[in-house]
Amino acid sequence: MKPRELFRKWLDEEARARPEDAEVLEQVLRRGRAARVPWALATVAAAGIAAVALVAVRARPPPAPGEIYLYVNETGAPESEALVLQVETPKEKP
Amino acid sequence: MAAPVQTADREPRMLEGVRAGEPTAFRALFSAHHEAVFRAALAVTLDRDLASDVTQDVFIKLHRQPPAELRGPLRGWLLRVTMNEALVLRRRLAAWGRLSTGRRAIESPEARLGKAQVAAQMRAAMAHLPAQQRAVLALHFDADQDPREIAEALGLTANHARVLLHRALARLRTYARERGLDFPADEPLSASVESPVEAP
């Protein structure tokens, strides 16, 4: 018997009691699907948070003349109050 | 043990199906390669439960992160992942002191049966080899890979793979001779194995 044959004969004997293919496949598919759920939830949660934040920013009411609003730009620094005081309501067309 | 020709030809398209989440494509690849992956994992771990765990991990990896492109047959990629998973698992268990030596099979009732005696002796011999040498033997003798493919699967140079194969066989022969066991010491090996260049 050649070494290759001896090795395979040994491995055939060792692998004789391996788990059923169908059983292993089901576990693989179940574990594969389960790993996707947390990622999907995290993606949905992140998208939801981003949407809420966007709506909150856009829902900021426009300044009315005479009212002092303190706005901040992207860097968080407050913008000049003078800009707010210069906001005028649109004139009605004749 | 080679994958069926029909499956090998259709593998690129089946892999596309796996990436697209088609269950039939994945099932087909699983059926074609499951046994080979399990046998390779078993040869390294010497434990059916660990081999089963490694096999699951390999196919879960195929399911979640199929290779973007294949430079050769999918079997090569699967065996590469299998060897990596099996060797890492063994190192981890050895570090935790929970590694099975594989010597239980010698004392099991099966060892007394004639048809399992060779297997029990071989198992004991294999348990005396380092895991990496077992991996090389499995890839060469069971998966029919040449030293270049073995090197790619294990992240080695081709010459290093030849050296490991040569050493593994020499070690098996020494083990068998010391115990008066029957190991085919006089069978010729392939030329690529017989003439490795030993590292200084």
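Modeller: A residue is buried when its relative accessible area is under 20%, exposed when that area is over 50%, and partly exposed in between (1.4 Å probe, protein chains only). This is a predicted model, in which local features need pLDDT of at least 70 and side-chain atom pairs pLDDT 80 or more, while totals for chains, interfaces and linings use all residues; side-chain values use heavy atoms, without hydrogens and water. Residues are numbered from 1 along each chain as its sequence is written, and chains are lettered from A, ligands numbered from 1, in the order in which they are written.

Biologist: Why is B:Thr55 called buried?

Modeller: B:Thr55 has 1% relative accessibility, and the limit is under 20%, so B:Thr55 counts as buried. B:Thr55 sits in helix H3 (residues 48–64) of chain B. Leaving out residues up to four places away in sequence, B:Thr55 touches B:His34, B:Val37, B:Phe38 and B:Ala41, where contact means heavy atoms within 4.5 Å.

Biologist: What makes up the secondary structure of chain B?

Modeller: Chain B has 10 helices and zero strands. Helices are DSSP runs of H or I with at least four residues, strands are runs of E with at least two, and both are numbered from the N terminus. Of the 200 residues in chain B, 50% are buried. Among contacts in chain B between residues at least 6 apart in sequence, 63% are between residues at least 24 apart.

Biologist: How do you know what span is expected for helix H9 of chain B?

Modeller: The expected span is 1.5 Å times one less than the number of residues. Helix H9 (residues 158–178) of chain B has 21 residues, for which 30 Å is expected, and its C-alpha atoms, first to last, span 30 Å, close to that value. Buried residues in H9(B) include B:Leu164, B:Leu165, B:Leu172, B:Arg173 and B:Tyr175. After H9(B) comes B:Gly180, with a positive phi near 65°.

Biologist: What is the area buried between chain A and chain B?

Modeller: About 3400 Å² is buried, 64% of it from carbon and sulfur atoms. Buried area is the accessible area (1.4 Å probe) that two parts lose on being put together, summed over both. On the side of chain A, A:Phe7, A:Trp10 and A:Glu14 lose the most area to chain B, together 19% of what that side buries. By contact, 29 residues of chain A meet 37 residues of chain B.

Biologist: Why is the pair B:Arg27 and A:Glu26 called a salt bridge?

Modeller: A salt bridge needs a side-chain nitrogen of Lys or Arg within 4 Å of a carboxyl oxygen of Asp or Glu. For B:Arg27 and A:Glu26 the N to O distance is 3.7 Å, so the pair meets the rule. B:Arg27 is partly exposed at 35% relative accessibility, and A:Glu26 is partly exposed at 36%. The rule finds seven salt bridges across the interface of chain A and chain B.

Biologist: Which parts of the chain does the pair B:Arg39 and B:Asp142 link?

Modeller: B:Arg39 and B:Asp142 form a salt bridge, with the closest N and O atoms 2.8 Å apart. The pair links distant parts of the chain, 103 residues apart: B:Arg39 is in helix H2 of chain B and B:Asp142 in helix H7 (residues 131–142) of chain B. Both B:Arg39 and B:Asp142 are buried.

Biologist: What makes B:Glu152 and B:Arg80 a pair that ties parts together?

Modeller: The side chains of B:Glu152 and B:Arg80 meet in a salt bridge at 3.5 Å, N to O. B:Glu152 lies in helix H8 (residues 147–154) of chain B and B:Arg80 in helix H4 (residues 74–96) of chain B, so the pair ties together parts 72 residues apart in sequence. B:Glu152, at 34% relative accessibility, counts as partly exposed, and B:Arg80, at 24%, is partly exposed too. Salt bridges that share partners join A:Arg4, A:Arg8, A:Asp12, B:Arg39, B:Asp142 and B:Asp144 into one network.
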